[in-house]
Amino acid sequence: MRIEELLALYASHAAVDSQEMLARALSLPADIRDGSERYSTLVDELPLPRDPESVIVAGMGGSFIGGLFLQDALYEESSKMIIPLRETGLPGSVNERHLLVAVSYSGNTEETLRVVLEARRRRIPTVAVTSGGLLAKLATEWKIPLVEVPSGLKPRAAFPYMCTALPAVVEAAGLVDGLMLKLKEAAGFLENVKQEVLDAGNSLARWLFEQYEAGNFPVVYSYRPFLSAGYRLKTQINENAKLHAFFSEIPEANHNEIMGWEGPFRFSAVIVRAPGEPPYVYHRMEFLRELLRGRGVKHVEVHAIGENQLQKLLSLFYAFDIASILLALLRGTDPAPTATIDSLKKYLEERIDISREI
Ligand code: PA5
């Protein structure tokens, strides 16, 4: 289906898309190109210690996914460990020879601010990635290198900027070379395969919608180095479509969770696949698919496309972001608001004032 036809198909639902999240998701290739141009100069300009022992990327929710993406993108390439962190503090083993990248789109997320405060106490070199808030203020006051992302977006819609800003940071720290160029190439690739990705996103949205109507909630199965894409689908279904979805990783799920398919269940499954799976992955995924088939579990496979890791990973993000927003529209739900998260944040703000701890 052509892009115009697809938009026409969803036109009657589009009224509920108050912040044009679908248009935003469709513009992923252009936004990645914009991000890679915006941040390429950082590679030479950011005043960072070279060759840290590891890079810890701290953030929550929509600001966590960038670190997980980076870990997958560079899983085989990076000279040092990239550790995504979604906690209120740093592990004891992190010291001044490591690098902390603190990511908070709003700049006001308590968990991430706590990590930054702790890093300051423990003299751990830090970079801040944010659109503003307290994190930007602290970065300016404390002379922490600051990478600004465009404001006015939902944190999860800022992914194209996160997924270009974070590579610029690790390239500046000397962990990899030529990554920004590869991102620009990947943006061109995504532009070329837009139609294919859109079709995949549309079929997945319709399939998920049918499953929800039948009372089945999806478990998304993925494996390294595509965990971030599977996890993205789960969290995008949660936040855009306001529905439960669960995420599981292979091979670990083979050693416990798959036993659950012997009992009664109200789940369906989405299986993430990619070209060039090594035999030790391929056979596990085939076993899983056959197991689901044998147990009568409704399941669907979504295949990455692309020549290299970045292209494959981003093709999945692209399809999944579109699918989750189309699913929201099919349900007549506005993808943008996250009222329950907002009320949690308000509740916490009324009880905990982190600015008093600075
Ligand atoms: O998507 C969302 O709105 C959330 O998952 C937020 O990203 C999360 O609450 C953290 O906030 P922030 O990204 O502003 O640090």
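**Before you start**

Residues are numbered from 1 along each chain as its sequence is written. Because this is a predicted model, local features need pLDDT of at least 70, side-chain atom pairs count only at pLDDT 80 or more, and totals for chains, interfaces and linings use all residues, while side-chain values use heavy atoms, with hydrogens and water left out.

**Stop 1: the whole chain**

Show everything as a cartoon. The C-alpha trace spans about 55 × 45 × 40 Å along its principal axes. For 358 residues, a compact globule would have a radius of gyration near 21 Å, and the protein's 20 Å agrees with that. (This radius is taken over C-alpha atoms, and the globule rule is 2.2 Å times the number of residues to the power 0.38.) Buried residues make up 56% of the 358; buried means under 20% relative accessible area, exposed over 50%, and partly exposed in between, using a 1.4 Å probe and protein chains only.

**Stop 2: two domains**

Colour residues 3-17 + 193-330 as domain 1 and 27-186 as domain 2. These bounds come from an automatic or database domain assignment. The C-alpha centres of the two domains lie 27 Å apart. Where they meet, 18 residues from domain 1 and 19 residues from domain 2 take part in the contact, which means heavy atoms within 4.5 Å.

Next, select 42-185, which UniProt lists as "domain: SIS" in an unreviewed entry. UniProt positions follow the numbering used here, feature names are shortened, and annotations may be inferred rather than shown by experiment. This stretch is 38% helix and 17% strand, and its end C-alpha atoms are 18 Å apart.

**Stop 3: the core**

In soluble globular proteins, nonpolar side chains tend to be buried together. Which residues touch the most other members of the largest nonpolar core? Select Val-101 and Leu-314 to see them, out of 108 residues in that core. A nonpolar core here is a set of buried Ala, Val, Leu, Ile, Met, Phe, Trp, Tyr and Cys residues joined through side-chain atoms within 4.5 Å. Helix α13 (residues 309-330) gives the most to this core, with 16 residues. Both domain 1 and domain 2 give residues to the core, so it lies between them.

Now zoom in on Val-101. Leaving aside neighbours within four places in sequence, its contacts include Val-55, Val-57, Val-127 and Leu-166.

**Stop 4**

Most residues other than glycine have a negative phi, and most peptide bonds are trans. Go to Pro-225, in the loop between β6 (217-223) and α11 (227-241): the bond from Arg-224 to Pro-225 is cis, with omega near 10°. Another cis bond joins Ile-250 and Pro-251, with omega about 15°.

Then pick Asp-51, in the loop between α4 (42-45) and β1 (54-58). Its phi is near 50°, a positive value, and Asp-51 is partly exposed, with a relative accessible area of 44%.

**Stop 5: out on a loop**

Is Glu-76 buried or exposed? Find Glu-76 in the loop between α5 (65-73) and β2 (81-85); at 75% relative accessibility, Glu-76 counts as exposed.

Technical notes
Helix = DSSP H or I, 4+ residues; strand = E, 2+ residues; numbered from the N terminus.
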